[in-house]
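Please take a moment with the sequence and the 3D view before reading on. The notes below walk through them topic by topic.

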Amino acid sequence: MTERSTAGLGTPWPAPAKLNLMLRVVGRRPNGYHELQTVFQFIDRCDRLWFDVRDDGRVRRLTSVSGVPEAEDLTVRAARALQEATGCGLGVDIRCEKMLPMGGGLGGGSSDAATTLVALNQLWGTELDEDALSEIALPLGADVPVFVRGRAAWAEGVGERLSPVELPQPWYLVLAPPCSVSTRDVFCHPELTRDSVCIKLEDFLSGNAVNDCLPVVRRGYPPVEAALAWLDHWGGGRLTGTGACVFAVFDDRERALDVSRQAPAHLQAFVARGLNRSPLLDRLDQEVASSSLVADS
Ligand SMILES: C[C@](O)(CO)[C@H](O)COP(=O)(O)OP(=O)(O)OC[C@H]1O[C@@H](n2ccc(N)nc2=O)[C@H](O)[C@@H]1O
Ligand SMILES: Nc1ncnc2c1ncn2[C@@H]1O[C@H](COP(=O)(O)OP(=O)(O)OP(=O)(O)O)[C@@H](O)[C@H]1O
């Protein structure tokens, strides 16, 4: 979607990316899903969404997402799931401006789904609380609940047992190698280790930040390996989720920007701030405040 076409649409709803600051695969459930331990933090790099409520109950996506048919788009599925859960007869036209690479381990699709649930719960007046919204969120994807709750979190289970955490909020240099990684393929891989011992938050805070998917992704995706090798010159990189994106941590924004300018041209590089509170919650507060002003006048 071009800048011009977003003019006049009103304030967008942000769908921030997340980073997995560590990821341990500690078991496998009978349904094939994996038990994880991970730490989620948001970054201030976001997709942007706009919602126009419709009276006729139709859910339409007005912008295209490369390779994703309308009915499979996580925003459309999220809107339909909220209709089904609440019996709401309203519909919506959804526009989404993608900034986050797909299949990048930044959770862009999951975040778009969460933003749709949170925004429509407000705009449709369905009044579900955060727990109820998170229940609708989980079948859409293991990462959707953390985006609904909007707090950096220590996560267990398939990623749905969340405890909020206050972490340092450094600057991250994120590199998107020119490939996308299928989360499913990594979790199905015969060489993925699935027996890491469980650790505690304190272990992570004192430096245990391994990602168990890294060996499989490094071997299977040479562009990811190359991006990590490049980050080794600057102190080392980490993989987010199942990749393909990798990141390095900096205390100082200028330093992160300086390194990003030196990144090889074939790597998409950006610098973003770590956030313990999702900008989605601020946008929701703004919407609640403006709707109560209208109600009072
Ligand atoms: C790896 C993480 O990104 C860490 O944040 C997430 O756990 C993945 O979350 P997600 O992209 O929302 O994943 P989903 O859409 O639920 O699942 C995609 C596929 O990954 C596998 N999958 C996912 C999560 C999980 N805990 N175990 C799995 O085995 C399943 O094969 C599933 O079919
Ligand atoms: N609105 C959407 N935006 C992006 N992807 C979508 C969307 N709707 C459905 N999808 C599908 O979801 C897949 C995963 O997208 P996403 O951007 O969340 O990947 P990811 O960053 O690797 O996520 P994760 O870290 O959760 O594995 C895409 O490859 C695409 O097929």
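This is a predicted model: local features need pLDDT of at least 70, side-chain atom pairs count only at pLDDT 80 or more; totals for chains, interfaces and linings use all residues.

Helices (H or I, at least four residues) and strands (E, at least two) are DSSP runs, numbered from the N terminus. Residues are numbered from 1 along each chain as its sequence is written, while chains are lettered from A and ligands numbered from 1 in the order in which they are written.

**The annotated active site**

- UniProt, in an unreviewed entry, gives the annotation "active site" to Lys18 and Asp143; its positions are given in the numbering used here, feature names are shortened, and annotations may be inferred rather than shown by experiment.
- They span 126 residues in sequence, yet no two of their C-alpha atoms are more than 9.3 Å apart, so they gather at one spot.
- Lysine 18 sits in strand β1 (residues 13-28).
- Is lysine 18 buried or exposed? Lysine 18 counts as buried because it has 27 C-beta neighbours inside 10 Å. A residue is buried if 20 or more other C-beta atoms lie within 10 Å of its own, exposed if 12 or fewer, and partly exposed in between, with C-beta atoms placed from the backbone.
- Aspartate 143 is buried too, with 28 other C-beta atoms within 10 Å.
- Leaving aside neighbours within four places in sequence, the contacts of lysine 18 include Phe40, Leu106 and Asp143; two residues are in contact if their C-beta atoms, placed from the backbone, lie within 7 Å.
- On the same terms, aspartate 143 is in contact with Lys18, Gly107, Ser110 and Gly159.

**Around the two ligands**

- Ligand 1 is surrounded by 19 residues, and His34, Gly141, Asp143, Phe187 and Gly241 are the closest. A residue is near a molecule or strand if its C-beta atom, placed from the backbone, lies within 6 Å of it.
- β1, β2 (34-54) and α6 (183-188) each give at least two residues to the shell around ligand 1.
- By class, the shell around ligand 1 has six nonpolar, 11 polar and two charged residues. Ala, Val, Leu, Ile, Met, Phe, Trp, Tyr, Cys and Pro count as nonpolar, Asp, Glu, Lys and Arg as charged, and the others, Gly among them, as polar.
- Ligand 2 has 21 residues around it, and Leu74, Gly108, Gly109, Thr183 and Gly241 come nearest.
- Which helix supplies the largest share of the shell around ligand 2? That is α3, with four residues.
- The shell around ligand 2 divides into six nonpolar, 11 polar and four charged residues.

- The unreviewed UniProt entry lists "domain: GHMP kinase N-terminal" for residues 74-150, a span that is 56% helix and 9% strand.
- For "domain: GHMP kinase C-terminal", the unreviewed UniProt entry lists residues 205-267; this span is 44% helix and 11% strand.

**A look at tryptophan 234**

- Tryptophan 234 lies in the loop between α9 (222-232) and β8 (238-239).
- Tryptophan 234 is partly exposed, with 16 other C-beta atoms within 10 Å.
- Leaving aside neighbours within four places in sequence, tryptophan 234 is in contact with Ala248 and Val259.
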